[in-house]
Amino acid sequence: MEKRRVVCPNCDSINAVPVNRPAEAAKCGRCHAKLFQGTPAELDAARLERHIANSDIPVVVDFWAPWCGPCRAMAPIFAQAAKTIEPRARFAKVNVDENPEAARRYGVQGIPALLAFSEGKVAARQAGLTDANTLRGWVERLVVCSNPG
């Protein structure tokens, strides 16, 4: 049986989710939280690395800051994408003020910045505020590329 690794957004445990079962209902084997909650996971730098390195689904990350107007405008768009696209991709947010090392590591120079990771590497970047349709299309193309067939 083919399985995909998914990191729990609650306790960061790595879970093996069978591809032939509905991922929407999947729960963490450790903490029993739903693996896909339809909301972006708030991650710090260490948790971000764990999710990127141990996920077989794309991880789409919004690098943001609370004082940033375009970031605040992007938040509901990003949250809606998480609600409609999960479990085909994981959505996460990283506050650059609290995690400057994560922003530096991935070359984030302006915010909001969206980075999509696949197989542990940056697969795509999107700079600045974007609308819901553009974001959805961008992520859907990434999901198709990372899950051929």
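This is a predicted model: local features need pLDDT of at least 70, side-chain atom pairs count only at pLDDT 80 or more; totals for chains, interfaces and linings use all residues.

Me: What makes the span of helix α2 agree with its length in residues?
Reply: Helix α2 covers residues 69-85, which is 17 residues. The expected span is 1.5 Å times one less than that number, so it should be 24 Å, and the end C-alpha atoms are 25 Å apart, which agrees.

Me: Where does α2 bend?
Reply: The bend is at Ala75, by about 30°. A proline, Pro76, follows within four residues.

Me: Which residues of α2 are buried?
Reply: They are Cys71, Met74, Phe78, Ala81, Ala82 and Ile85.

Me: Why is Ala45 called buried?
Reply: Buried means under 20% relative accessible area. Ala45 has 13% relative accessibility, so it counts as buried. You will find Ala45 in helix α1, residues 45-53.

Me: What does Ala45 touch, leaving aside its neighbours within four places in sequence?
Reply: Ala45 is in contact with Asn99, Glu101 and Ala102. Ala102 is 57 residues away along the chain, yet the C-alpha atoms of Ala45 and Ala102 are separated by 5.3 Å.

Me: And Val144, why is that residue called exposed?
Reply: Exposed means over 50%, and Val144 has 57% relative accessibility, so it counts as exposed. Val144 belongs to helix α4, residues 132-146. Val144 and Arg88 are 56 residues apart in sequence, and 9.3 Å apart in space from C-alpha to C-alpha.

Technical notes: Residues are numbered from 1 along each chain as its sequence is written. Side-chain values use heavy atoms; hydrogens and water are left out. Helices (H or I, at least four residues) and strands (E, at least two) are DSSP runs, numbered from the N terminus. The bend at a residue is the angle between axes fitted to the seven residues ending there and the seven starting there. Buried means under 20% relative accessible area, exposed over 50%, partly exposed in between (1.4 Å probe, protein chains only). Contact means heavy atoms within 4.5 Å.
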